[in-house]
Amino acid sequence: MSAHALNALVERHTEVMPELPEVETVVRQIAPGVVGRTIAALDVRWARTLGDGARARVERAVVGRRIGAARRRAKWIVLDLDGGGALLVHLRMTGRLTVRATDAATDPYLRVALHLSGGARLDFDDVRKFGRVVWCPDPASVLGDLGPEPLDPAFTPADLHAALSGRRRLLKPLLLDQTVVAGLGNIYVDESLHAAGLHPLARSERLTLPEATRLHGAVRAILERAIACQGSSFDTFYRTPRGEAGQYQDEFQVYDRGGEPCRTCGATIERLVVGQRGTHVCPACQPKPRRSPRPRAARRT
DNA sequence: AGCTACTCCTGGTAGC
DNA sequence: TGCTACCAGGAGTAGC
């Protein structure tokens, strides 16, 4: 790769709260810089990013291997290596992947770097160290438990209805469960529930097919729009000195808007905590479930 | 089965 | 100004 071409990739990272649209954006941006390249060396600055005690094993497994493909599954970035196995990257809260030139300065929060052939380097920077870079000889061992991709054309409203109504849980925690639907996080769940007119405290077993159909449409429309915006960027503690920031945060209807007026009806957005997560709801657009949120368990039969 | 609490982390910020 | 205490949060786990 020429210096000019590499420069085009350098610093082209997106600063995000990474959920499906942000991870999709990251994969699209790094793929041209990593696919087809061979891993020449591993630079580990924070060993736990690879998993406790995994460093030597990972190094033996990946050095000298060629990255055949870069793809997304749920919130995982999957780097498939020729001959089998994959490096799986999870950004969690603050992780970032950036393709830089081999000799570029490193970020103070660099945790793991892959030195690649052709003068490139894939940096995994992560302020809070929650992110992970995992070597999987068999990626299905990690990815196999994930639920359906919401944007998969084969994923229907009836599938969503079955997945939700077949469990007895609050709607929001269930939607955050990656084994039910894969890729949603706090932001897009709040936005989707608002768009569908559903309350996060609603009981999943009471969800009707028409409601599930609304939710299915909302999830898809919001994710597609957010991908088109290259995700959502935050400046609560991120700065955006360079590179592209996502734009979807400008279109939030409820997320991070507690106390502000609903853009649909003008009611004041409420902030509550559901399952230990900050949750944002319009009390008018998303009426509270009429029954108690925690109905008494059925008596023995 | 599903709920809550706790863990991992650190920069930012509210309160003094 | 400078200090401390607390907060955010994806996902895994433990305990009830």
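Where helix H5 meets helix H8, Pro 157, Ala 158, Leu 160, His 161 and Leu 164 of H5 touch Leu 209, Ala 212, Thr 213, Leu 215 and His 216 of H8, contact here meaning heavy atoms within 4.5 Å. Sorted by class, this H5 and H8 contact holds seven nonpolar, three polar and no charged residues. The classes work like this: Ala, Val, Leu, Ile, Met, Phe, Trp, Tyr, Cys and Pro count as nonpolar, Asp, Glu, Lys and Arg as charged, and the others, Gly among them, as polar. Everything here comes from a predicted model, in which local features need pLDDT of at least 70 and side-chain atom pairs count only at pLDDT 80 or more, while totals for chains, interfaces and linings use all residues. Residues are numbered from 1 along each chain as its sequence is written, chains are lettered from A and ligands numbered from 1 in the order in which they are written, and side-chain values use heavy atoms, with hydrogens and water left out.

As for geometry, H5 (residues 157-165) and H8 (residues 209-228) pack at an angle of about 115°, their axes 8 Å apart. That angle makes H5 roughly perpendicular to H8; under 35 degrees would count as roughly parallel, over 145 as roughly antiparallel, 65 to 115 as roughly perpendicular and the rest as oblique. The axes themselves are lines fitted to C-alpha atoms, for helices over the stretch in contact, and angles run from 0 to 180 degrees between N-to-C directions. H5 passes H8 in a right-handed crossing, a label used when the near helix is turned clockwise from the far one by less than a right angle, with left-handed used for anticlockwise.

Helix H7 (residues 186-196) packs on H8 at an angle of about 130°, with the two axes 8 Å apart. This makes H7 oblique to H8. Again the crossing is right-handed. On the H7 side, the residues in contact are Tyr 188, Glu 191, Ser 192, Leu 193, Ala 195 and Ala 196, and they meet Arg 214, Leu 215, Ala 218, Val 219, Ile 222, Leu 223 and Ala 226 in H8. The tally for H7 with H8 is ten nonpolar, one polar and two charged residues.

Then there is helix H2 (residues 20-34), whose axis comes within 9 Å of that of H8 and crosses at roughly 40°. H2, too, passes H8 in a right-handed crossing. Here Leu 20, Pro 21, Glu 24, Thr 25 and Arg 28 from H2 meet Leu 223, Ala 226 and Ile 227 from H8. By class, that contact of H2 with H8 comes to five nonpolar, one polar and two charged residues.

What about the cysteines? The count of disulfides comes to zero, a disulfide being a pair of cysteine sulfur atoms within 2.5 Å. Cys 262 is in no disulfide, and the nearest cysteine sulfur, that of Cys 282, is 3.7 Å away. Cys 262 is buried, at a relative accessible area of 4%. For Cys 285, the closest cysteine sulfur is in Cys 282 at 3.6 Å, which is too far for a bond. Cys 285 is partly exposed, with 21% relative accessibility.

A couple of loops have backbone angles worth a look. Most residues other than glycine have a negative phi. Arg 92, in the loop between strand S4 (86-90) and strand S5 (95-101), has a positive phi near 45°, and at 42% relative accessibility Arg 92 is partly exposed. Gln 276 sits in the loop between S9 and strand S10 (277-281); its phi is positive as well, at about 65°. Gln 276 is exposed, with a relative accessible area of 73%.

Finally, Pro 283 lies in the segment after S10 and is partly exposed at 35% relative accessibility. Leaving out residues up to four places away in sequence, Pro 283 touches Thr 268 and Glu 270.

Technical notes: Helices (H or I, at least four residues) and strands (E, at least two) are DSSP runs, numbered from the N terminus. Buried means under 20% relative accessible area, exposed over 50%, partly exposed in between (1.4 Å probe, protein chains only).
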